[in-house]
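Here is a short tour to read with the model open on your screen.

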Amino acid sequence: MSISPKQERINTLIKQLDLSEHIEQFSSFFSRESSLYIEGDQELHFKYIKALDKLEFKAPPKVIDFTVIKQHLKKQGVLNFEQIFEIVKIVRYFRYFRNRNIDGIIGEFMAKFDIPERFTEVEKYFTNDGKFEENLDENLFGLSARIKEHRATMSSSLKRMMGSSKLAGYLVDTQVHFVNNEDCLLVRGGFNHVLKGAVVGRSAGGFFFVSPDSILKSKEKIRFIEQEREAIYYEYTKEFSGKLAELQPFINFIDKEFTKFDNYQARVLFAQSKNMQIIKSQKDSKIILSGFIHPALHNAKPISVDFSKNILMITGVNAGGKTMLLKSILASAFMAKYIIPMKLDEHKSHIGSFKTVLAIIDDPQNVKNDISTFAGRMQQFAKIFKETSALVGVDEIELGTDSDEAAALFKVILDDLIKRRQKVVVTTHHKRLAALMADRDDVELMAAIYDEEARKPTYEFMQGIIGKSYAFETAARYGINNAIVKEAKAVYGDNSEKLSLLIERGSQLERELKRKHQLVDDKLADLKKKEGQLKDTREAQLLEIEEQKAALKRSYDVAISEAKAAAKANDTKSIHRAMDKANKKLPPKGEDKIQRNETFKVGDVVKYHSSRGTIISMRGEKEATIEMDGMKVRVKTKHLRHTKALKVKPQTNVSLNVEKRAGLKCDLHGMRADEACETLDKFLNDALINGWDEVIVYHGIGTGKLSFAVKNFLTAHPRVQKFADAPQHLGGFGAKIVSL
């Protein structure tokens, strides 16, 4: 079978990123061979996968591809029983899911499978293991009974032979053997003097399996009956093939839907078997990994990296894990693109989407084609410029040429790739190249850390710095004579060492200065924002005051008009009443001014702007803390004024005596399902009362019954927003992180 160029590129990338074993294990969970990529809406596929992950279900049976089957049906051909049973297996699996009456999108998915009655007429003739149900056909049942009779006759005849005194000296054992579809005896050499028959095989000890001529008659009868039975079988295959030919639209439908479902279940069961998480790529180019472990590594330190910028330049100690970090970043993007399970903290990780993932890792030198290392690298880089929306990983970017020339060349190349919005991960020992790129805002530096006391790499990384290669230390650690290392240091010279340190320190100081400038700019922007908010608040308050004054003036004018009307009527008493009423509308004299001579104490009821509150503490005479509307605010006393105490409304004090649980964890190990649900219900109630947003529930793996009960309970709980399997270091598949 030929492989397309695209598939060949994917296979090469899988090998380059050390994902071959991981992908092979993942592929074994498919019921039939399938592409890694699921065609169609990835968001919808991911919803189905996450919904299926919350269920417990059995894996589908292994089935063959339906291409040949569908071709035969289209041409009115005759299928054999094995091909027919492949269709039956898929229908029975979907019926198993449909009969569970599952809610949600999985239930809706299964509701689409309306199995025609004509198919049931075919399906009933097959047992669970694919054998034809001969009991449903009277003729076949009778033929099978006759075959059994003849076999019994043959067995009796062979047993009588074994009791013969003439043959006793040649028999190796006293049992009937079935070799090459023949009943026979195991005898020693020279048997032909006492036993006539055909040799059908040899044993490991050099003895002969002989089928006696005396049972040939029974064999011939059995062969005749089997031919008759095969003729009946053929009639059934013709009948079944005819019925299935009429159901081609249904068969095409279940074939297509099973391929889709097979992709879902393989990812879910693979993730559960390896305690991994299922994560998909997001619609951006940002990569943030938390607790990521490359599948090829065992007992590895989890990787955490923030690769939100365009370029990530990894420097530092030799054999410190730079290449594996590069491979991990590219591998995570590749697996997220194809929704392949991986080990990481899915709640803190974010992986963007890329049209292409490219790895420039291997030495491209080729003697046959007369291509040098550097020339090969240039050919590889030329291909990058043809890509769009690509994630590119380049290991040892300076490979094969002079370091100073390489620094200048690759700086310009990386600048151009940034303009093209490519995302590039680079490992290098060139401090000059790192220093040239370090001043850019869209370049992130990361260094492998070296433990100078223990004289070995830590396989950990620090962002924001240029790392030292520690070439001399690495050489000594791997067996190079100390005298040679010492002499090499002398040749390298103190000046070169100092220059290297100055480059590292200078780059670090430059980035630190830029970071501080950015912090100052952020603070200034924040202050300007707050200044604008205060200005808006002041203008709103002034506007409110003016509106209140205008309202008072209107009320006063109305009262004065009433007084004037009374004056015209020469009613003295009415005039006085109207004037008193008008004066009451005016604010007290001097009330609009700030009262600076007032004194305040704890417990006073005061007014702050348009709100009322009570003083709960004092700091000298100039500052007070007041409580209003459930909030505590520290204010200047010059902004307060006394007011009459509001009538205290009757209050009802309710106190809850809730027993505090041990932290935010609930351990259900060893409990029955009903006992666990009761305990979990109390635990969640307490968590909600105490205001907890997130808790962890341990249920273990075991038989899966407790896990299934916990999932159902959490799904039905009205206050549970979401839940997912815990990260590996918190229990993995045996625990759930629950958001309330």
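The report below goes from the overall chain to a sheet and its helix.

## About the model

This is a predicted model, in which local features need pLDDT of at least 70 and side-chain atom pairs count only at pLDDT 80 or more, while totals for chains, interfaces and linings use all residues. Residues are numbered from 1 along each chain as its sequence is written, and side-chain values use heavy atoms, leaving out hydrogens and water.

## The whole chain

The protein chain holds 20 helices and 22 strands (DSSP runs numbered from the N terminus: H or I of at least four residues for helices, E of at least two for strands). Of its 740 residues, 39% are buried (under 20% relative accessible area, with a 1.4 Å probe and protein chains only).

Among contacts (heavy atoms within 4.5 Å) with a separation of 6 or more, 66% link residues 24 or more positions apart. The accessible surface is about 43700 Å², and carbon and sulfur atoms contribute 51% of that (Shrake-Rupley method, 1.4 Å probe).

## A four-stranded sheet

Follow the order β1-β2-β4-β3 and you trace an open, antiparallel sheet of 4 strands (two strands pair if DSSP finds at least two bridges between them). At the edges are β1 (177-179) and β3 (197-202), each pairing on one side only. From one strand to the next, the twist averages 50° (axes are lines fitted to C-alpha atoms, for helices over the stretch in contact; angles run from 0 to 180 degrees between N-to-C directions).

Strands β3 and β4 (residues 208-212) run antiparallel and are joined by 5 bridges; here Gly197 sits opposite Pro212 in β4.

## The helix on the sheet

Helix α8 (residues 138-162) packs on this sheet, touching β1, β2 (182-187) and β4. The direction of α8 makes about 10° with that of β2.

How values were computed:
Buried means under 20% relative accessible area, exposed over 50%, partly exposed in between (1.4 Å probe, protein chains only).
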